[in-house]
Amino acid sequence: MRSYMLVMNVAFAVCHVGTHVGAVRSFPEVLQHYILCPFRMPGSLPAICEATWPKDVGIIAMEVYVPSQYVDQAELEEYDGVGAGKYTVGLGQARMGFCSDREDINSLCLTVVQRLMERNSLSYDSVGRLEVGTETIIDKSKSTKTVLMQLFEESGNTDVEGVDTTNACYGGTAALFNAVNWVESSSWDGRYALVVAGDIAVYATGSARPTGGAGAVAMLVGPNAPLAFERGLRGTHMQHAYDFYKPDMVSEYPVVDGKLSIQCYLSALDRCYAVFKNKIHAQWQREGLERRCSLEDFGFMVFHSPYCKLVQKSLARLMLNDFLHHPSPNTESGPFSGLEAFRDVKIEDTYFDRDVEKAFMKASSELFENKTKASLLISNQNGNMYTPSVYGCLASVLAQHTPQQLAGQRVGVFSYGSGFAATLYSIRVTQDATPGSALDKLVSSLCDLQARLDSRKKVSPGVFAENMKLREETHHLANYIPQGSVDELSPGTWYLTRVDEKHRRQYARRSMNDDRPLEAGLVTSSIAAEHVPSPLKKMPRIPTTTAGPEVVVISNGDH
């Protein structure tokens, strides 16, 4: 009886989804197909299902925000009294962005969302789902997503699904999967989904502090995307561990077991890669192809980046996986040359094996240069952003390649969040790299990433330490007015103006074209700006213009 009801429900759902995308089939036709065709394993859905999904669902536009100030890691080494190269070589970090008490998770997300909407001339009524992935929790009930709804007030659009998603650095990926699933579901009403990943990564004084950072990434999701998710190709691993967690609700600082965290990260990478390869192998078999998946099948490989050196080790570890699972690797020549001594190692015994690590980092050095190094631009220059980290890496790849270099490439993405949750999935870049194409617009919008990073202000380690101390002492205070300078913020940045006696937070935005900040007073601010409207229930298209409005008017209201 349960199997019968499941068949009926699936058949009805397929019919219902078809009404949204033009592939309408009658209920009896779909039901007959499922009765005649047996159920298949996951990743082996019938062609009838695939025909009814929107085409090429994925990332259409991206925006990245990093704080306007940073500390130099070489100077921080000297300030902390550690050996030269400990942070810059050992961790692979050059600079670390940070926020004063003027910025919090809400302001970061307000900034990146409004910038994405303005730079792509999008109307707020064209968004039907908005979800935030973050682990920077400043309220145990009210979501950051609801704060972002202030941006939608002028449009009158309150029909926006989604809230916040939390699991360490994995929340942004979970939110992105939810957005893709929404567009591919019977719930989709034809509008865009908007995903925001944002965090402020800070640590107590000590060895973990140089692995901090801050920032936010916003991604617009819909069909006909230049970065399309490859359907059915996700390898996920979830497991319980206390490698990194935040049990103290009044502190921003986490509790970290560094060695366990690395082991969890690498073991999750092993498991996810194995599951992904099984799924893509099954797809290839259905297409009549008999081949083995390896790193060579990825044009680019990006990883969650707590620090850059771990990413380099992670790519080497994927090569180790390829080597150990190859039935007869050539150790005389080619990429596996000279690795015969490691043929019989057990993968679970190699997490901290220096000989294995060194050998495979050397063997994979060319792959790293070609497939992964470019992804570390933001990570190296800004640090670990937690949930946006892996998407900052994706943006870095797009920023440093032409549309022609990217077209048709498969991008592997490994997302990890402590506790722990991880997925390795793939994105296929569109073949259309012509001027004015969706890919061309996406790449053009990110081509100034290096310039943005270079435009930030460098501060001394002493000033950085003072800012960390101030955040530590004032985090979660009520009836508080931030002390940080608004003048140091970039134009168009949202910032915290005060926290009232009931912990209600109020924000304002710096003008886009004036060095002077525009204060919004002591109430929560909203904005009034002209955008290109798009009718609801229809798939809106990004207009050809990319310039945002020159003047932003901030109006006040009681909320």
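## Strand pairing in two regions

Val 499 stands opposite Arg 505, a residue of strand 16. The model is predicted: local features need pLDDT of at least 70 and side-chain atom pairs count only at pLDDT 80 or more, while totals for chains, interfaces and linings use all residues. Residues are numbered from 1 along each chain as its sequence is written, and side-chain values use heavy atoms, with hydrogens and water left out.

Strands are DSSP runs (E, at least two residues), as are helices (H or I, at least four), numbered from the N terminus. Two strands pair if DSSP finds at least two bridges between them.

| Strand pair | Bridges | Direction |
|---|---|---|
| strand 15 and strand 16 (residues 505-509) | 5 bridges | antiparallel |
| strand 2 (residues 69-72) and strand 14 | 3 bridges | parallel |

Strands 15 and 16 form a hairpin with 5 residues between them, and His 503 in the turn has a positive phi of about 65 degrees. In strand 15 (residues 494-499), 6 of the 6 residues are buried, so this strand is largely enclosed by the rest of the structure. Buried means under 20% relative accessible area (1.4 Å probe, protein chains only).

The order 3-2-14 describes an open sheet of 3 strands with mixed pairing. Strand 3 (95-97) and strand 14 (457-459) are its edge strands, each pairing on one side only. Neighbouring strands of this sheet are turned by 40 degrees against each other on average, direction ignored. Helix 4 (residues 73-80) packs on the sheet and touches strand 2, strand 3 and strand 14, where contact means heavy atoms within 4.5 Å. The direction of helix 4 makes about 60 degrees with that of strand 2; axes are lines fitted to C-alpha atoms, for helices over the stretch in contact, and angles run from 0 to 180 degrees between N-to-C directions. Tyr 70 has Lys 458 in strand 14 as its bridge partner.

Terms used
Buried < 20%, exposed > 50% of the residue type's maximum accessible area, 1.4 Å probe, protein only.
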